[in-house]
Amino acid sequence: MFMALGERVGHVLRGAAIGVAEAVPGVSGGTIALVTGVYERVIASAGHLVNTVRYAVTDVPRGRGWTRAGHQLRQVHWEVVIPLLIGMLPGLLIAAKLLEPLLVDHPEQTRGLFLGLVLASVLVPISMVGKPWRGPEVVALIVAGVAAFVLTGLPQATIEPHPLVVLVAAAVAVCALVLPGVSGSFLLLTIGLYEPTISAVNDRDFGYLAIFATGMVIGLALFVKLLQWLLEQHRRMTLAVMAGVILGSLRALWPWQSEDRALHAPGDHVPSIVALFLIGVAVVTAMIIAERRRLRRAARDLTEETYETPHVR
């Protein structure tokens, strides 16, 4: 059954939001995917795509054909993946163009908005763990939170954008695309490659972007299967770690901090920052409520279809 047009448009908008998030240091595209309810389908689809490539490389040269590769390719949630990709590219390009000057000219207010967005989003993995929380899950949340807090406080480095460095950095940063709470842009900022990458996007430096894209493919192939396995075999613990990482990463979004990432007490622009923080909380809360209503409606419709379908003996 074909997905309703409204649902497809919704996925395009979700993709745009993920693209915007990936351009913002401190905000994770994986977090947006989690909040909007597409995260697990994206991870599953990425896993099937990795398997498709693996089977194509191993089976076809040996004369085994495309059977296994084709089966994996058909398992991809194309009805979700394609609209997301359609939305992600313009979202990323627009954010790269518009958000960079905002981060430079109004860093406190911008971080205040993002702080509200990310703080509210942590409710998603926490609620997905379910009740009651067990001791190991609480410990995992705390340890992951402390680790993320320390890592996001590391001073920014400056390195030359050598092709090999760009390749490795992209492979690491793309892991953040699929891991809620970890910002790929922030990782690039930490190692000093954020500005060269944003400039390459804005200037259409296709040589740099080709190397970066290659690194992303390598990173996905190495990481996504592990994450998929963790979600299948250790779902509660994995979600607890994700929640901890999101909480710890809030350090990067504290509005009042110096260039070397030392945190300060609230200072200038408090009213505007608080207002933007509350707007961020409200936006994500509205997204969570809308997604839960959509899921309840879909479950209700499925139940009604089940009861209305005549049983054939």
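User: Happy to dig in! Read along the sequence, what pattern does the chain follow?

Analyst: This is a predicted model, in which local features need pLDDT of at least 70 and side-chain atom pairs count only at pLDDT 80 or more, while totals for chains, interfaces and linings use all residues. Residues are numbered from 1 along each chain as its sequence is written, and side-chain values use heavy atoms, with hydrogens and water left out. Helices (H or I, at least four residues) and strands (E, at least two) are DSSP runs numbered from the N terminus. The chain has 14 helices and 0 strands, and its pattern is α-α-α-α-α-α-α-α-α-α-α-α-α-α.

User: Thanks! Where does UniProt place the feature "transmembrane region"?

Analyst: The entry is unreviewed, and such annotations may be inferred rather than shown by experiment; positions follow the numbering used here and feature names are shortened. In the model, residues 111–129 are 95% helix, with end C-alpha atoms 28 Å apart. Residues 269–290 are 95% helix as well, and their end C-alpha atoms lie 32 Å apart. The UniProt record gives residues 80–99, 111–129, 135–154, 166–194, 206–227, 239–257 and 269–290.

User: How many aromatic pairs does the count come to?

Analyst: Rings of Phe, Tyr and Trp (its six-membered ring) pair if their centres lie within 6.5 Å; planes under 30 degrees apart count as stacked, over 60 as edge-to-face and the rest as tilted. By this rule the count is 2.

User: Why is the pair of Trp-254 and Trp-256 edge-to-face?

Analyst: Trp-254 is partly exposed at 28% relative accessible area, whereas Trp-256 is buried at 11%. Their ring centres are 5.3 Å apart, and the pair is edge-to-face because the planes stand at 65 degrees.

User: Which ring does Arg-251 lie over?

Analyst: Arg-251 is in the loop between α13 (235–249) and α14 (270–308), and it counts as buried at 14% relative accessibility. Leaving aside neighbours within four places in sequence, its contacts (heavy atoms within 4.5 Å) include Thr-152, Gln-257 and Arg-261. A charge sits over a ring if NZ of Lys or CZ of Arg is within 6 Å of the ring centre and within 35 degrees of the ring normal. At 5.0 Å from the ring centre, Arg-251 lies over the face of Phe-149.

User: Which residues does Arg-294 touch, not counting those up to four places away in sequence?

Analyst: Arg-294 is in helix α14 and is buried, with a relative accessible area of 15%. Its C-alpha atom is separated by 9.8 Å from that of Gly-37, 257 residues apart along the chain. The residues it touches are Glu-7, Arg-14 and Arg-41.

User: Last one: which residues touch the most other members of the largest nonpolar core?

Analyst: A nonpolar core is a set of buried Ala, Val, Leu, Ile, Met, Phe, Trp, Tyr and Cys residues joined through side-chain atoms within 4.5 Å. Beyond four places in sequence, Leu-227 touches residues including Val-178, Leu-179 and Thr-238. Of the 26 residues in the largest core, the ones asked for are Tyr-39, Ile-43, Leu-227, Leu-231 and Met-242.

Conventions: Buried means under 20% relative accessible area, exposed over 50%, partly exposed in between (1.4 Å probe, protein chains only).
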